[in-house]
Amino acid sequence: MRLIRRAVILKSLTSDERKYIKVTTITYPPGLSNAQSLGAVMKSESSPSSNTTDVWVLLNLDSPSLPFTSSDLLCDSEIKSARFKDDTSIIFRSCTSTPTRSSLTSNLTHGCDNTGQTRIWECATLTLRYLLSKYDRTQIGELLELGCGMVGFAGLYSGGLITDGHTSGVFNNLINLELNQSQGSATRLLWDSGSVGYEVCKSLGGPKFDTIVVADCVHFKDFHDALACTIGRLLKVGGRAVLVQPRRGGSLDAFNRVVVGSDDDCDSCLNWVSETAETADFDVWRGHVNQEHGGYREDAHLPVYVEVRKRREWREDDDGGGVRRRAGEEMRKREEERRERILKGKGRS
């Protein structure tokens, strides 16, 4: 093994334990110029004298090839922990980076957005908090997390499959899995509403998941059809998809129209039920209504909890075709609205 990086960050996990974890070395096999792997194995050794744990990240070449970038391996990071309702603590690696224009618009260049890698958003923890308030482990069953970002809290807790379209999200959650000694796994998954996405979902086992969770992933409307099809293809009949996010300027309502169609579409494969933070999590709602800073906007910040239930088997031609058609209608509507705004602006000038 060859050393490529030493020294990252020390961070206290919990004040009572007074323990630290330190990522001290990252290695890869000789001759491999760029880390290419979907698997990562970590080992740690405690040092009683210094009360620290040194962690090495090794690469597993038995997994399918996936290029990790140097930023995945070498970004400044901290090891933190979050505590939840049932005294469960999730340990996670948090990369610290300043969002750039290219990272925030990567949906235009890389086919998936990178906002989940710029920070840990509130909805990431709220999704697990919601699950724990409604269901026990048996009811959650086999779980899939879509668009996990930097930390897939629900996937780490349940030992489920954690996915993201960005390699940095996959790599970070492979480390998180080892930090928590979780039985879950992490892999890259790019959503696609067409035949490519259909085959990818088949390779993941098809509709086998009891629960699918999506934390704050509907803000980019261009991905609505791909996300809806991915949920429909991978969720069991009778299973639930839990989505937590603010309304964000109508993006959530637009996703609703893409998923279920018109109100009188009784044959829709997916059934939509939503509730606000006030009814789903009163503590969160109370914290939001007490916000006083000038930048707070309910539309952009107050979480809405959505459960989508699968009524029947997904029919790719009918259901997938319907989702794509409705997404096209939404896109044309947005384009018309954009043109109207341009014309109004010219009229005033």
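Let's start at the end of a helix. Helix 10 is followed by Gly261, and the phi of Gly261 is positive, near 75 degrees. Helices here are DSSP runs of H or I with at least four residues, strands are runs of E with at least two, and both are numbered from the N terminus.

Some ground rules. This is a predicted model, so local features need pLDDT of at least 70 and side-chain atom pairs count only at pLDDT 80 or more, while totals for chains, interfaces and linings use all residues. Residues are numbered from 1 along each chain as its sequence is written, and side-chain values use heavy atoms, with hydrogens and water left out.

Next, confidence. pLDDT is the predictor's confidence in each residue, from 0 to 100. The protein chain averages 75, and 66% of the residues score at least 70. Over residues 1–68 the pLDDT is below 50. That stretch still has 139 contacts in the model beyond near neighbours in sequence. A contact means heavy atoms within 4.5 Å. Where pLDDT is low, the predicted coordinates should not be read in detail.

Now the overall numbers. The protein chain has 14 helices and 14 strands. Of its 349 residues, 49% are buried. Buried means under 20% relative accessible area, exposed means over 50%, and partly exposed is in between, with a 1.4 Å probe and protein chains only. The chain exposes about 17,400 Å², and carbon and sulfur atoms supply 48% of that. Those areas come from the Shrake-Rupley method with a 1.4 Å probe; for residues, only the protein chains shown count as cover. Take the contacts between residues at least 6 apart in sequence: 70% of them join residues at least 24 apart.

Back to helix 10. Why call it largely enclosed by the rest of the structure? Because seven of its ten residues, 251–260, are buried. They are Ser251, Leu252, Ala254, Phe255, Val258, Val259 and Val260.

Arg248 has a positive phi of about 50 degrees, although it is not a glycine. Most residues other than glycine have a negative phi. Asp216 also has a positive phi, near 55 degrees, and is not a glycine either.

What does Asp216 pair with? Asp216 forms a salt bridge with Arg248, the closest N and O atoms being 2.6 Å apart. Asp216 lies in the loop between strand 11 (209–215) and helix 9 (224–234), and Arg248 in the loop between strand 12 (235–245) and helix 10, so the pair ties together parts that are 32 residues apart in sequence. A salt bridge here is a side-chain nitrogen of Lys or Arg within 4 Å of a carboxyl oxygen of Asp or Glu. Buried or exposed? Asp216 is buried, with a relative accessible area of 8%. Arg248, at 26%, counts as partly exposed.

The structure holds 16 salt bridges. Another is Glu199 with Lys202, at 3.8 Å between the closest N and O atoms. Both lie in helix 8 (residues 195–203), three residues apart, about one turn of the helix. An α-helix has 3.6 residues a turn, so residues three or four places apart point the same way. Glu199 is partly exposed at 44%, and Lys202 is partly exposed at 48%. Then there is Arg315 with Asp318, at 3.3 Å. Arg315 is partly exposed too, at 34%. Salt bridges that share partners also join Arg233, Glu316 and Arg324 into one network.

Last stop: strand 8, residues 143–146. Both faces are covered. Leu143 and Glu145 on one side, and Leu144 and Leu146 on the other, are all buried. Which strands does strand 8 pair with? Pairing needs at least two DSSP bridges between the strands. Strand 8 runs parallel to strand 11, with four bridges. There, Leu146 has Val214 as its bridge partner. Strand 8 also runs parallel to strand 9 (residues 161–164), with two bridges. Leu144 stands opposite Leu161 in strand 9.

Strand 8, helix 6 (residues 153–158) and strand 9 make a right-handed β-α-β unit. Right-handed means that, with the strands pointing away from the viewer, the path from the first strand over the helix to the second runs clockwise.
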